[in-house]
Amino acid sequence: MADLAPKPALERAAATIGALRIAPVTHGRITAIAPYPGADIDAGLAPLGVRFPAPGTVSASGAARLVWTGRALAFLFGAAPPDGLAPLAAVSDQTDGWAWMHVSGPDAPALLARLCPLDLRPESFPPGRVARSLIGHMQAIILRDAPEAFEIGVFRSMAETLHHDLTEAARRLAARRAL
């Protein structure tokens, strides 16, 4: 019989390259929540202690983190959706659809500047901000979770490409810094 055990999207160890650390992230359950027009979505999310996030933001309480991911769409990390949410929003499991990488270190903004068209410097994109953009040629969700750290999510089929693009850009950046 076939082994149907779940596998991570990226089976790689964390890498330190220059002043950067690049590591795969496993979030556990990820749930997409898309409120129906006119629904009181915040009432449905109240048991988690979060509100539906404004564009480009994150709403968090305890382990629950609701991350804006597009127009009328957010991903819930760290908690199951509350009972009774289905009449207020389309709810779907996204756990196996995405691969996530964590990039940290003082050169993280410089690294991403080589791959992303957004201004991700701290004064323009502070911790707690999130955006949909490109990393190389891939659609991505970019979340700044600390002054020198980002989480990047891409479709699962792009996991190896994301890892390759990040590590190659990190190697080039480290070589340039060594000059």
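Mentor: Start with a term: contact means heavy atoms within 4.5 Å. The model is predicted, so local features need pLDDT of at least 70 and side-chain atom pairs count only at pLDDT 80 or more, while totals for chains, interfaces and linings use all residues. Residues are numbered from 1 along each chain as its sequence is written, and side-chain values use heavy atoms, with hydrogens and water left out.

Trainee: Which residues does His-163 touch, beyond those up to four places away in sequence?

Mentor: His-163 belongs to helix H3. Helices (H or I, at least four residues) and strands (E, at least two) are DSSP runs, numbered from the N terminus. Setting aside residues up to four places away in sequence, His-163 touches Leu-10, Arg-12 and Met-101.

Trainee: Why does Ala-170 count as buried?

Mentor: Ala-170 also lies in helix H3. Beyond residues up to four places away in sequence, Ala-170 touches Ile-17, Leu-20, Ile-22 and Leu-111. Ala-170 counts as buried because its relative accessibility is 1%.

Trainee: How far apart are the C-alpha atoms of Ala-170 and Gly-28?

Mentor: Along the chain, 142 residues separate Ala-170 and Gly-28.

Trainee: What distance separates Ala-108 and Glu-148, C-alpha to C-alpha?

Mentor: Ala-108 sits in helix H2 (residues 108–113) and is buried, at 0% relative accessible area. Leaving aside neighbours within four places in sequence, its contacts are Leu-20, Val-103, Glu-148 and Phe-150. Ala-108 and Glu-148 are 40 residues apart in sequence, yet the C-alpha distance is 6.1 Å.

Trainee: Now the sheet. In what order do the six strands of the open sheet lie?

Mentor: Two strands pair if DSSP finds at least two bridges between them. Here the pairing is antiparallel. The order is S1-S2-S8-S11-S10-S9.

Trainee: Which strands stand at the edges?

Mentor: An edge strand has a single partner strand, so one side of it is left without a neighbour in the sheet. The two are strand S1 (15–17) and strand S9 (130–135).

Trainee: By what angle are neighbouring strands of this sheet turned against each other on average?

Mentor: Axes are lines fitted to C-alpha atoms, for helices over the stretch in contact, and angles run from 0 to 180 degrees between N-to-C directions. For this sheet the direction is ignored. The average is 25 degrees.

Trainee: Which residue in S11 stands opposite Arg-144?

Mentor: Strand S10 (residues 138–146) pairs with strand S11 (residues 149–155) over five bridges, in the antiparallel sense. Opposite Arg-144 stands Phe-150.

Trainee: Which residue in S7 is the bridge partner of Ala-32?

Mentor: Strand S3 (residues 30–35) is mostly covered, with five of its six residues buried. Five bridges join S3 to strand S7 (residues 89–93), and the two run antiparallel. The partner of Ala-32 is Ser-92.

Trainee: Which residue in S6 stands opposite Ile-33?

Mentor: S3 and S6 also run antiparallel, joined by four bridges. Across from Ile-33 is Ala-74.

Trainee: Is Leu-73 buried or partly exposed?

Mentor: Leu-73 is in strand S6 (residues 73–77). Its contacts, residues up to four places away not counted, are Ala-32, Ile-33, Ala-34, Phe-52, Val-67 and Trp-68. At 23% relative accessibility, Leu-73 counts as partly exposed.

Trainee: What is phi of Ala-72?

Mentor: Ala-72 lies in the loop between strand S5 (64–70) and S6. Ala-72 is partly exposed, at 43% relative accessible area. Its phi is positive in a residue other than glycine, near 55 degrees.

Trainee: Last, the largest pocket. Which element gives the largest share of its lining?

Mentor: The lining has 20 residues, with Pro-8, Ala-9, Val-25, Thr-26 and Trp-98 nearest the centre. Strand S2 (20–25), strand S8 (98–104) and helix H3 (159–178) each give two or more residues to it. The largest share, four residues, comes from S8.

Notes: On a 1 Å grid over the protein atoms alone, a cavity is a set of points where a 1.4 Å probe fits but cannot get out, and a pocket is an open set with protein on both sides within 12 Å along at least five of seven lines; lining residues have an atom within 4 Å of a point. Buried means under 20% relative accessible area, exposed over 50%, partly exposed in between (1.4 Å probe, protein chains only).
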